[in-house]
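This report considers selected strands, sheets and cavities of one protein model. The sequence and structure are shown below for reference.

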Amino acid sequence: MRKYLGCLLGLLVLGCGQISERKQPPLSLQQLANSELDLSGEQLANGYCAACHLKPEPEILDKMTWETKVLPDMRKRMGLYLEEDFGTVLPQDDGVPEGIYSKGPMITRENWNKLLTYYLDNAPEQPLPQIEKASPKIGIPGFELEVPGFSMVRSNLTTMLRVHPQTGHLWAGHRFRSLFVLDSKNKFGQLDSIATPVAPVEVKWRSDESFDLLSMGLMDPANDSLGALEKYSKSGQTMSVKSMGEKLMRPVHVEFADWNGDGKEDHLISHFGNHLGKLSLYLSDSMGFTEKILKQDPGARRSIAVDFDQDGDMDILALMTQAREAVLFFENQGEGQFRERTLLAFQPAFGSSDFRYADMTGDGIPDLVLVNGDNADLSQILKNYHGVRIFEHDGSGSFEEKWFYPMHGASGMEVGDFDQDGKTDLIAIAFFPEKNQNPRQDLIYFQQATKGKFEPYVLASVPDLHWLTVSKGDLDLDGDLDIVVGSFEFDQLYRMPTEKWTPFVVLRNKLN
């Protein structure tokens with residue numbers, strides 16, 4: 001018994017370290033609940049938080065947000081209800097599936113008060129400010145802003161923008177069951193309009209002019225299974241639709257590759273979900289596809305197919321958001337088996353939103369580029385750790401943060417050599433920006449002027465829109481990369497549109 005207690009105390013003290021650095025797995029909530037150790041609030045926080053995710057330090061949120069939003073929800077998840085909860089809606093009555101909130105208390109009231117005191121005593125009164133950073137310059141070099149004019153009245157609810165690599169046509173997904181094909185060389189005139197399930201989010205074009213479309217179902221937080229992956233084929237004026245996967249759990253991304261080496265294309269779907277979710281690989285077989293769940297957690301955001309270990313087969317990099325935020329590496333072991341390893345791990349309020357795997361340092365080795373700024377959960381405050389990051393790859397599978405630019409609410413990104421000088425640049429957007437910043441910083445272009453030095457630029461003038469999507473591609477087929485940025489206006493969700501459609505703006509590359 002003494003040996004067990006010593007081990008427990010050691011884990012509680014060290015619980016705030018990187019997940020990948022722990023020698024032993026964190027204890028379960030049940031083990032913690034049955035412990036008779038007299039622990040401090042900090043030790044309790046280390047233990048209880050490490051049992052579910054990386055421990056958040058008190059300074060990441062202000063005192064009021066901890067006290068009124070985050071900690072009460074944490075307490076209820078551990079099954080401890082107090083007098084102050086009487087009259088409030090219970091999780092199960094609000095549609096939360098069983099197993100998310102414990103039916104019995106996993107922490108005593110005495111220990112909860114210790115943990116609560118630890119956070120409130122050490123949290124700042126106000127959210128911490130951003131660190132000093134280079135102020136963005138006005139005007140993005142090499143690009144010209146275009147705001148296409150559309151005559152129709154329609155809600156600005158763009159969920160997807162993709163540039164066709166052969167035609168340059170812009171494919172735009174709309175929240176209200178529509179996919180538009182727009183002629184990028186003729187003032188974005190409408191070439192086609194295709195009815196879809198709600199909210200198209202990804203498209204893959206095929207050589208026979210068919211395409212695969214991923215639709216996420218409901219965009220609002222939900223545990224529904226309304227998403228679908230479908231194959232669209234056109235014969236004359238008739239469009240046929242074939243299901244490649246139904247009842248998907250709020251899917252937000254799909255990646256295609258041959259992971260089992262049979263010469264047929266498999267697909268990997270990020271089921272973002274809400275309380276429930278998963279990262280699922282669909283491997284081809286004689287019957288079609290067989291699902292293999294790689295991660296049974298909500299918040300799967302994006303995956304990348306790459307031979308990460310350079311052994312000749314395709315591996316997987318995946319970004320998991322929500323509570324257990326991490327960049328994961330799934331090593332292909334052959335015969336449909338994968339071994340998981342954590343490359344980067346983050347605390348649950350970090351707000352990971354998007355990532356890329358690209359050479360940002362010019363050494364020939366791809367690095368991890370990440371934006372974090374999701375701010376739609378319990379802690380809707382400005383966070384000084386939101387922004388854009390580059391984690392340099394040492395070539396052996398390890399990553400170290402080498403560059404960080406603070407950016408409130410950073411939510412999307414693209415990377416590319418936009419000025420064709422041999423160095424990779426990037427652009428980032430923020431769906432949850434600080435509205436009072438001057439200059440406005442919800443769209444920032446980072447030009448890599450010299451190796452490792454990124455100079456920030458913002459638009460000189462821009463419509464008052466909210467950016468949800470960003471994509472790159474050669475719209476005019478002149479050999480350089482243009483950028484399109486999609487608008488999504490929440491206030492237009494539940495009212496009839498009254499203004500002309502402004503679904504996106506274009507940053508036209510003037511290099512060629």
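## Strand 12 and its partners

In the predicted model, L268 has L281 in strand 13 as its bridge partner. That bridge belongs to the antiparallel pairing of strand 12 with strand 13 (residues 278–285), which extends over 5 bridges. The hairpin formed by strand 12 and strand 13 has 6 residues between the strands, and G273 adopts a positive phi near 65 degrees there. Strand 12 also runs antiparallel to strand 11 (residues 251–257), to which 6 bridges join it. A257 has D266 of strand 12 as its bridge partner.

Strand 12 (residues 266–271) is largely enclosed by the rest of the structure, because 6 of its 6 residues are buried. D266, L268 and S270 point one way from the strand, H267, I269 and H271 point the other way, and all are buried. Side chains in a regular strand alternate between the two faces of the sheet.

An open sheet of 5 strands shows mixed pairing, with the order 1-26-25-24-23. Strand 1 (137–138) and strand 23 (410–416) stand at its edges with a single partner strand each, so one side of each has no neighbour in the sheet.

I429 stands opposite L443 of strand 25.

## Strands 27 and 28

Strand 27 (residues 467–473) is mostly covered, with 5 of its 7 residues buried. Strand 27 pairs with strand 28 (residues 482–487) in the antiparallel sense, over 6 bridges. The bridge partner of W467 in strand 28 is S487.

## Cavities

By residue class, the lining of the second largest cavity comprises 4 charged, 3 polar and 1 nonpolar.

## Confidence of the model

The protein has a mean pLDDT of 91, and 94% of its residues reach 70 or more. Over residues 1–23, pLDDT stays under 50. For residues 1–23 the model has 36 contacts beyond four places in sequence.

Definitions and conventions. Residues numbered from 1 in each chain as written. Predicted model: local features only at pLDDT ≥ 70, side-chain atom pairs only at ≥ 80, totals over all residues. Heavy atoms only, no water. Nonpolar A, V, L, I, M, F, W, Y, C, P; charged D, E, K, R; others polar. pLDDT = per-residue confidence, 0-100. Contact = heavy atoms within 4.5 Å. Pairing = 2+ DSSP bridges. Helix = DSSP H or I, 4+ residues; strand = E, 2+ residues; numbered from the N terminus. Buried < 20%, exposed > 50% of the residue type's maximum accessible area, 1.4 Å probe, protein only.
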